[in-house]
Amino acid sequence: VMSNIAFIGLGNMGAPMAHNLVKAGHTVTVYDLSQAAVARLVEAGAHPASSASAALDNAEIVISMLPASAHVESLYLGENGILAQIPEGTLIIDCSTIAPQVARKVALAAAAKGLSMIDAPVSGGTAGAAAGTLTFIVGGSSAALELARPVLSAMGKNIFHAGDYGAGQTAKICNNMLLGVLMAGTSEALALGVANGLDPKVLSDIMSKSSGRNWALEVYNPYPGVMENVPASKHYAGGFGVDLMLKDLGLAAEAALTARASIPLGELARNLYSLHSQGGSGSLDFSSILKLIAPANLD
Ligand code: NAD
């Protein structure tokens, strides 16, 4: 069944996700603050909208893929927030990674208006978004998840139900805290090997078949030239921004404070990405943490 979909937020992730919905045959109307981003999607077969509310015309499903909590809260609940204009019966899917309590607040406001909403943050990176192989980590009712399943399937291959509103965000935050730690640790290990005369590609091959293997090493290697088509081999352009990883590690710190949990490595990783961002690397891909750890190894 094809749907009319409003898609808001066409960045590194939103653009390839919206493109896959077009390819699957859905009618997709897109909006982003960047007109260039809208134009690229129109070239791929989407319809342009000049504002978020203009994108809602005839929409049966609204999908948002925005940077952080504040953007999502303001899109739905802010001054001119679109929740007030979305007709009853519409399904809302927020794929952004945001604070669980903000996801709950927006979903409860939606429910009060007769709208179903799920939080459906994703994992898999920009390559997974382009290939349509993302993992969706859903919070909300089972009924809303079943309504969303056909469109999620056009963008991803694994769909998990983590629990009620906000639970998708909590699971995603745990995953990304681990990813931040793994990327920093992988960078440290590769830089240590190189500093002692090893070839980073040979060391990566060895560790990929040894007990240090992990996604950052095998799929998203941070050392320039080890893998093709990853940000490290493109001057750390595109991908998943340092400032977005820093945001997610901040969400992990908030979750730890709320639950009185200990996250010693997560906090260390947050400080490393924060230092890296303050050094001017906030918009580079997060695998550039290698440059903070081993600046002398690079250019
Ligand atoms: P991005 O910064 O590349 O894109 C965000 C887009 O939102 C930009 O195009 C921006 O212009 C647009 N935008 C901001 N405010 C807007 C508004 N009010 N109305 C319309 N458009 C607006 O970010 P991204 O990498 O695509 O990430 C989006 C979300 O997905 C983030 O929460 C991120 O943490 C998460 N995420 C990213 C990755 C990744 O690999 N990049 C992977 C998983 C999850």
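View 1. A pocket here is an open set of points on a 1 Å grid over the protein atoms alone, where a 1.4 Å probe fits, with protein on both sides within 12 Å along at least five of seven lines; lining residues have an atom within 4 Å of a point. This is a predicted model: local features need pLDDT of at least 70 and side-chain atom pairs pLDDT 80 or more, while totals for chains, interfaces and linings use all residues. Residues are numbered from 1 along each chain as its sequence is written, and side-chain values use heavy atoms, leaving out hydrogens and water.

**View 2. Around the pocket centre.** Of the 16 lining residues, Thr126, Ala127, Asn229, Pro231 and Lys234 lie nearest the centre of the second largest pocket. Helix 5 (residues 125–131) gives the most to this lining, four residues; helices are DSSP runs (H or I, at least four residues).

**View 3. A stacked aromatic pair.** Trp215 and Tyr220 are stacked because their ring centres lie 5.0 Å apart with planes at 25° (pairs need centres within 6.5 Å; under 30 degrees is stacked, over 60 edge-to-face, the rest tilted). Trp215 is partly exposed at 34% relative accessible area, whereas Tyr220, at 7%, is buried (buried is under 20%, exposed over 50%, partly exposed in between; 1.4 Å probe, protein chains only).

**View 4. A tilted pair across the chain.** Tyr220 also pairs with Phe286, at 5.5 Å centre to centre and 45° between the planes. These two residues are 66 residues apart, and both are buried. Together with Trp215 and Phe240, Tyr220 and Phe286 form one aromatic cluster.

How values were computed: Phe/Tyr/Trp six-rings, centres within 6.5 Å; stacked < 30°, edge-to-face > 60°.
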